[in-house]
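The questions below do that, one term at a time.

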Amino acid sequence: MKQRDAKFTIGEVVRHKVFPFRGVVFDVDPEYANTEEWWNAIPAEIRPDRDQPFYHLLAENDETEYVAYVSEQNLIHDESDQPLRNPNITRIFDKAPNGELRAKAAMTH
């Protein structure tokens, strides 16, 4: 496994480049670490490389909130400054005075 630094950090709000959702990063895998079934469910023509960071997001779109697992190549920083509504955010993060989301002490390792 080659060493790579993750582009996004825990607590950062990101947006998917292709699909209409955004979310906050709550964990990072240095490379793909999900199931083969999940991997094979991605159409081959849009399947990302495994050898890059993958991010666990508390995600949301216009209809619902959920957990997403997304490759780094498919994410960009979210510049909207719109609040997130995913109810799990307050379980994992505290909001700093400057507005940044910071992992609660019990959640860090």
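Q: Why is His-56 called buried?
A: The relative accessibility of His-56 is 19%. Buried means under 20% relative accessible area, exposed over 50%, and partly exposed in between, with a 1.4 Å probe and protein chains only. His-56 therefore counts as buried.

Q: What kind of model is this, and how are residues numbered?
A: This is a predicted model, in which local features need pLDDT of at least 70 and side-chain atom pairs count only at pLDDT 80 or more, while totals for chains, interfaces and linings use all residues. Residues are numbered from 1 along each chain as its sequence is written, and side-chain values use heavy atoms, with hydrogens and water left out.

Q: Where does His-56 lie?
A: His-56 lies in strand E3. Strands (E, at least two residues) and helices (H or I, at least four) are DSSP runs, numbered from the N terminus.

Q: What makes the link between the side chains of His-56 and Asp-29 a polar contact?
A: The contact is 3.0 Å. A polar contact is a pair of N or O atoms within 3.5 Å; within protein, one must be able to donate a hydrogen and the other to accept it, and residues adjacent in sequence count only if both atoms are side-chain atoms. Asp-29 also has a bridge partner in E3, namely Phe-54.

Q: Which residues does His-56 touch, not counting residues up to four places away in sequence?
A: Contact means heavy atoms within 4.5 Å. His-56 touches Val-24, Val-25, Phe-26, Asp-27, Val-28, Asp-29, Ala-68 and Tyr-69.

Q: What makes E3 mostly covered?
A: Seven of the seven residues of E3 are buried. On one side these are Phe-54, His-56, Leu-58 and Glu-60, and on the other Tyr-55, Leu-57 and Ala-59, so both faces are covered.

Q: How do you know that E3 pairs with E2 and with E4?
A: Two strands pair if DSSP finds at least two bridges between them. Seven bridges join E2 to E3, which run antiparallel. Seven bridges also join E3 to E4, again antiparallel. Val-25 has Leu-57 as its bridge partner in E3, and Ala-59 has Tyr-66 in E4. E3 and E4 form a hairpin with four residues between them.

Q: How many bridges join E1 to E2?
A: Three bridges join these antiparallel strands. E1 and E2 form a hairpin with five residues between them, and Arg-15 stands opposite Arg-22 in E2.

Q: What makes Phe-8 and Tyr-55 an edge-to-face aromatic pair?
A: Rings of Phe, Tyr and Trp (its six-membered ring) pair if their centres lie within 6.5 Å; planes under 30 degrees apart count as stacked, over 60 as edge-to-face and the rest as tilted. By this rule the count comes to eight aromatic pairs. Phe-8 and Tyr-55 are 5.5 Å apart centre to centre, with 70° between the planes, and form an edge-to-face pair. Phe-8 lies in the segment before strand E1 (13-16) and Tyr-55 in strand E3 (residues 54-60), so the pair ties together parts that are 47 residues apart in sequence. Both residues are buried.

Q: Why is the pair of Phe-21 and Tyr-66 edge-to-face?
A: The ring centres of Phe-21 and Tyr-66 are 5.9 Å apart and the planes are at 65°, so the pair is edge-to-face. Phe-21 is in the loop between E1 and strand E2 (22-29) and Tyr-66 in strand E4 (residues 65-71), 45 residues apart.

Q: Are Phe-21 and Tyr-66 buried or partly exposed?
A: Phe-21, at 10% relative accessibility, counts as buried. Tyr-66, at 26%, counts as partly exposed.

Q: Which residues form the largest nonpolar core?
A: A nonpolar core is a set of buried Ala, Val, Leu, Ile, Met, Phe, Trp, Tyr and Cys residues joined through side-chain atoms within 4.5 Å. The largest has 10 residues: Phe-8, Val-14, Phe-21, Val-25, Tyr-55, Leu-57, Ala-59, Ala-68, Val-70 and Leu-75. E3 gives the most to this core, with three residues.

Q: Why is Glu-79 called exposed?
A: The relative accessibility of Glu-79 is 62%, so Glu-79 counts as exposed. Glu-79 lies in the loop between strand E5 (75-77) and helix H2 (89-92).
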